[in-house]
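Below are some points on the model for discussion. They are meant to be read with the structure open alongside.

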Amino acid sequence: MDLPKISIIVPIYNAEKYIEKCVRSLFEQTFSFIEYIFVDDCSPDNSIEIIKSVLKDYPRRQEQCIFIYLCESCGPATARNVGLEKANGEYIYFCDADDWLDLTMMTKMYSLAVVQCADIVVCDFYIVAAVNHKKYCRVTSWTSDKKESIYNYIKKEYTVVWNLLIQNELYKNNNIAFIPGYSYSEDLNLSVKLFYKAKKVVNIHEALYYYNRINENSIVSRLDEKKLSDERIMCMELLKWLYKEGVDFSNVLYWRILKGKQEMLLSTDTYKTFLNTVPESNRYILSCPDLNVKLKIMGWCLVHHLSFISKFLLFIRKCRLLFVVTKS
């Protein structure tokens with residue numbers, strides 16, 4: 001088999017409900033020169049069996065598929081890294097096992113990469129929140145001002161890898177990979193590093209990916225302390241990495257951390273936790289666009305030892321909520 005132009009890497013874990021739709025959209029791509037790498041992260045369900053069964057319908061794709069079986073479940077970051085190490089493609093693409101692609105996605109993204117001599121191609125996407133309901137999401141438009149483009153990208157809610165086609169050499173030449181052990185914001189950490197090292201990034205302002213939010217069991221659907229902790233750690237590691245590169249994105253990365261810990265302002269029991277969680281971020285409270293005016297005041301007062309004001313505003317908030325509930 002000739003060397004592939006694109007390596008598509010798919011970590012597999014508990015995806016049997018959606019995996020058939022996903023892999024059919026992969027195998028039916030109009031682009032021919034693809035290498036498919038499925039990394040089984042010790043999935044306890046029948047996901048791999050479903051993939052192999054579906055693959056029988058696409059005989060020309062069979063020799064393009066590689067199955068890798070991990071000895072223990074290591075999480076998506078490690079699974080992606082294992083796939084990346086085995087990838088032979090000129091470009092790398094990561095797909096999540098519960099999402100699906102427009103059938104022309106690889107053709108359009110690779111063609112633009114070649115024509116524009118681009119290191120990274122970014123496309124828009126759909127969020128599918130319910131059956132027959134999708135929302136169009138337009139991504140950051142990349143310009144010649146790399147710092148401004150990255151700044152705008154970090155401000156976005158969705159900083160992901162599944163809408164990026166990335167040159168394999170960009171990973172290898174800069175020793176960039178996912179940080180193992182983290183399941184949230186690991187995409188942000190990796191993508192910003194790649195964007196910073198890229199010489200050219202181009203956009204396709206067309207939605208070519210379908211991000212499945214129907215799946216309530218997905219990692220990003222579960223808001224918990226692990227998720228918030230991962231985001232803080234990934235942001236801080238990225239901040240240090242960028243410092244070493246001679247650039248400072250403190251404000252926008254601290255804003256993300258503040259957004260993640262804003263819920264701690266809504267209970268006096270977590271006031272101390274708010275203050276002690278990445279305390280460096282607290283000086284950006286007033287400038288944070290993700291906090292409303294009341295939360296900014298409450299946070300600022302806590303930091304400046306005026307907790308009685310924060311408690312009073314919290315009391316007013318609870319009274320209003322109680323009034324609304326009683327009235328309804």
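**Notes on the model**

1. Helix 5 (residues 146–155) packs against helix 9 (residues 250–261) at an angle of about 5°, with the two axes 9 Å apart. Axes here are lines fitted to C-alpha atoms, for helices over the stretch in contact, and angles run from 0 to 180 degrees between N-to-C directions. Helices and strands are DSSP runs numbered from the N terminus (H or I of at least four residues for helices, E of at least two for strands). Helix 5 and helix 9 are therefore roughly parallel to each other; the classes are roughly parallel under 35 degrees, roughly antiparallel over 145, roughly perpendicular from 65 to 115, and oblique for the rest. On the helix 5 side the contact is made by Tyr151, Ile154 and Lys155, and on the helix 9 side by Asn251, Val252, Leu253, Trp255 and Arg256. Contact means heavy atoms within 4.5 Å. By type, the residues of this contact divide into five nonpolar, one polar and two charged. In that scheme Ala, Val, Leu, Ile, Met, Phe, Trp, Tyr, Cys and Pro are nonpolar, Asp, Glu, Lys and Arg are charged, and the others, Gly among them, are polar.

2. A word on the basis of these values. This is a predicted model, in which local features need pLDDT of at least 70 and side-chain atom pairs count only at pLDDT 80 or more, while totals for chains, interfaces and linings use all residues. Residues are numbered from 1 along each chain as its sequence is written, and side-chain values use heavy atoms, with hydrogens and water left out.

3. Helix 3 (residues 76–86) is mostly covered, with nine of its eleven residues buried. Buried means under 20% relative accessible area, exposed means over 50%, and partly exposed lies in between (1.4 Å probe, protein chains only). The buried residues of helix 3 are Pro76, Ala77, Thr78, Ala79, Arg80, Asn81, Val82, Gly83 and Leu84. What covers them includes strand 1 (6–12), strand 2 (34–40), strand 3 (65–69) and strand 4 (91–94), along with helix 6 (168–174) and helix 7 (186–197).

4. Within helix 11, Leu295, Lys296, Met298, Gly299, Cys301 and Leu302 are buried. Just after helix 11, His305 takes a positive phi of about 60°, although His305 is not a glycine. His305 sits in the loop between helix 11 and helix 12 (307–327) and counts as exposed at 73% relative accessibility.

5. Val278 also has a positive phi, about 45°, without being a glycine. Its place is the loop between helix 10 (271–276) and helix 11 (293–303). Val278 is buried, at a relative accessible area of 14%.

6. How many disulfides are there? The count comes to zero, a disulfide being a pair of cysteine sulfur atoms within 2.5 Å. Cys301 is in no disulfide, and the nearest cysteine sulfur, that of Cys288, is 16 Å away. Cys301 is buried, with a relative accessible area of 5%. Cys319 counts as partly exposed at 35% relative accessibility.

7. Glu206 lies in strand 9 (residues 201–212) and is partly exposed, with a relative accessible area of 31%. Leaving aside neighbours within four places in sequence, Glu206 is in contact with Lys108, Cys123, Asp124 and Tyr136. The side chains of Glu206 and Lys108 are joined by a polar contact of 2.7 Å. A polar contact is a pair of N or O atoms within 3.5 Å; within protein, one must be able to donate a hydrogen and the other to accept it, and residues adjacent in sequence count only if both atoms are side-chain atoms. Glu206 and Val122 are 84 residues apart along the chain, with 9.6 Å between their C-alpha atoms.

8. Thr143 is in the loop between strand 7 (133–137) and helix 5, and is partly exposed at 46% relative accessible area. The side chain of Thr143 reaches the backbone nitrogen of Asp145 at 3.1 Å. Not counting residues up to four places away in sequence, Thr143 touches Glu148 and Ser149.
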